[in-house]
Amino acid sequence: MSASTRRLTAAGAIVEFLKRQYVERDGARHRLVNGVFGIFGHGNVTGLGQALDDYGGDDLPYHQPKNEQAMVHTAVAFAKARRGLGTFACTSSVGPGATNMVTGAATATINRLPVLLLPGDIFANRLPAPVLQQLESPASMDVSVNDCFRPVSRYWDRINRPEQLLAALPEAMRVMADPATAGAVTLALPEDVQAEAFDYPRHFFEERVYRIPRRRADREGLATAAEMIRRARRPFIVAGGGVYYSDAEPALRAFVEKTHVPVGVTQAGKGVLPDAHPYCLGALGTTGTLAANRIAQSADLVLVLGSRLSDFTTASKTQFQDPAVRFVSVNVNAYDAHKHGALPIVGDARAVLEDLGTALSGYRIADEYEREIRSAREEWERVHREIVHPQREGGLLHQAEVIRILNEHVDENGTVVHAAGGLPGDLHKLWRSKASGDYHSEYGYSCMGYEIAGALGVKMARPERDVYAFVGDGSYLMLNHEIVTSVQEGRKITVVLNDNHGYQCIHGLQRSCGSHGFGNEFRLRDASTGRLTGEPVEVDYVANARSLGAVALCADSEEGLVRALAEARQQDRTCLIYVPVEPRASIPGFSWWDVPVAAETETKEVRQARKAYDEARKKERFYY
Ligand SMILES: Cc1ncc(C[n+]2csc(CCOP(=O)(O)OP(=O)(O)O)c2C)c(N)n1
Ligand SMILES: [Mg+2]
């Protein structure tokens, strides 16, 4: 061994390397990998487990989750709360632990958020094959369950020799650090290789800083975009997550206050302009507001800022109905910038907004358009008030009321985390964002089970914030164990659990397509029908949360919920507030979503729904 090398196992080299990786933007430096989550098995305990014990220290602390999928959600939520400027590594053993992370990997990649996955892998030397948990392929010895990560990773590698890390680790960091490529990065680590030693060059372990540039648009593209906006009669902005990730809120506000172009927000973009701002029309698309959707219908120029233009944002390509509508799309990622036949402006949202503002100097939308925007906002405010104050004689709280009460309680220092079920749609529409960061929606993958694990990630990223996991009973049952981890780590979150006895948003969707309802409510098997049509299944969620270490409270009225929220705020340990809600209360929608209805069926109502569906599809547009 020479003085310029350091003898380490491959796992030791990973730990020593990860400790010294940074990203830098606007002159501020952030640690890229803030620690390691892991559940150990034979595939990583003596490799990465030993290395973390030897070298992890305070620079790469270890955290112990209760489920591998959940730990990836925690890392993803952390990355989102840090605007992509930092994440965690997640390690698992070779088999089920690894495949448990696949869902988390897809969540990261679809949301364009970085996470480093380090699953153990089968022996590179192949001698003990089949090792415990090995998937055997008669066609190749070069296949393991970790190949499942390939399509859900932005970078994938298998480290068959310790020296391969010299090439693979910098690549992995590059992909995670760059917002244009960020997503899950998987380095599959055969268990024998993790424990093998190599003389690594010492300089490999020196600090590395990945600078995130503010990429500006090319001059010609910018001039064309400005010209298109000047010529438009009804320009409209779609503000997506890219505005948030690029820290572009002040630039967006300045642009909007100069030009008065109205803004509709996506799930990831909600909060980038407060809902009270006179040019914020709120949520856009399938779960959009009356105001945003009405104005968007006749927009002739859509300026897309950092959005993937998912089917929810575009109401399955029915949201923009002006036959001559054109798109200008600003995105760090060319793939997204080209969608909808847009004029692609590949660049950083903040930098491009600043330059576009300068190029549009003196420009402002017409007074008549301005009046329409004001009146749409006023009408939506009235309708919003009605929705969140439903008329009811006694009975259970409606979800819309729970949203209002929580919204009134959570101040600018709070964050509400949600992901699946009826909540994201209702919140997108009804939540009044006061400040950027008060609304955290994982709606790229809309992955049930993200909420509690995600809330823990937000709390770890932003310990000064009050963090709420807003969750349905279905999602809670799927993945609630990270309550234990939050207690273990002393990271308090408050879980608000809406119990409506089942997968009610899918039940509602199903009934809106003509079905009488099937397989979506939590009911006992009924001897008379042989189906799950009996009495509701009773689950004691309060006892469940208490058993996991949380303070559990129950709220079945407005006063009760206000009291429970106040009490939870006083606690320094994780709390759960159990709220039984009316299962069938639904809120009005102002747009469409393409969900195919059966074209052949035994049910009369479904046949009618199919007709309506065929009719609605006629509004679907092809922009290129
Ligand atoms: C992991 C996963 N499985 C299935 C789905 C499909 N899905 C979307 S919402 C939903 C029901 C969620 O139930 P709950 O959390 O109780 O919310 P509710 O619909 O009652 O509001 C289901 C099954 C999903 N999004 N994620
Ligand atoms: Mg439910």
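**Stop one: a buried residue**

Start by selecting Asp 473, which counts as buried because its relative accessibility is 1% (buried means under 20% relative accessible area, with a 1.4 Å probe and protein chains only). A word on what you're looking at: this is a predicted model, where local features need pLDDT of at least 70, side-chain atom pairs count only at pLDDT 80 or more, and totals for chains, interfaces and linings use all residues. Residues are numbered from 1 along each chain as its sequence is written, chains are lettered from A and ligands numbered from 1 in the order in which they are written, and side-chain values use heavy atoms, with hydrogens and water left out.

**Stop two: the metal**

Now click on the magnesium ion, ligand 2. Its protein donors are Asp 473 (OD), Asn 500 (OD1) and Gly 502 (O), 2.0 to 2.1 Å away (donors are N, O and S atoms within 2.8 Å of the metal, or 3.2 Å for Na, K and Ca; water is not among the atoms, so sites may look incomplete). Asp 473 sits in helix α18 and Asn 500 in the loop between β21 (494–499) and α20, so this pair ties together parts 27 residues apart in sequence. Asn 500 counts as buried too, at 12% relative accessibility.

**Stop three: ligand 1**

Next, select ligand 1 and look at its oxygen atoms. One is 2.9 Å from a side-chain N or O atom of Asn 500. A backbone N or O atom of Gly 502 lies 2.8 Å from an oxygen of ligand 1, and one of Gln 504 lies 3.0 Å from an oxygen of the ligand.

Notes:
Polar contact = N/O pair within 3.5 Å; in protein donor to acceptor, adjacent residues only side chain to side chain. Helix = DSSP H or I, 4+ residues; strand = E, 2+ residues; numbered from the N terminus. Buried < 20%, exposed > 50% of the residue type's maximum accessible area, 1.4 Å probe, protein only.
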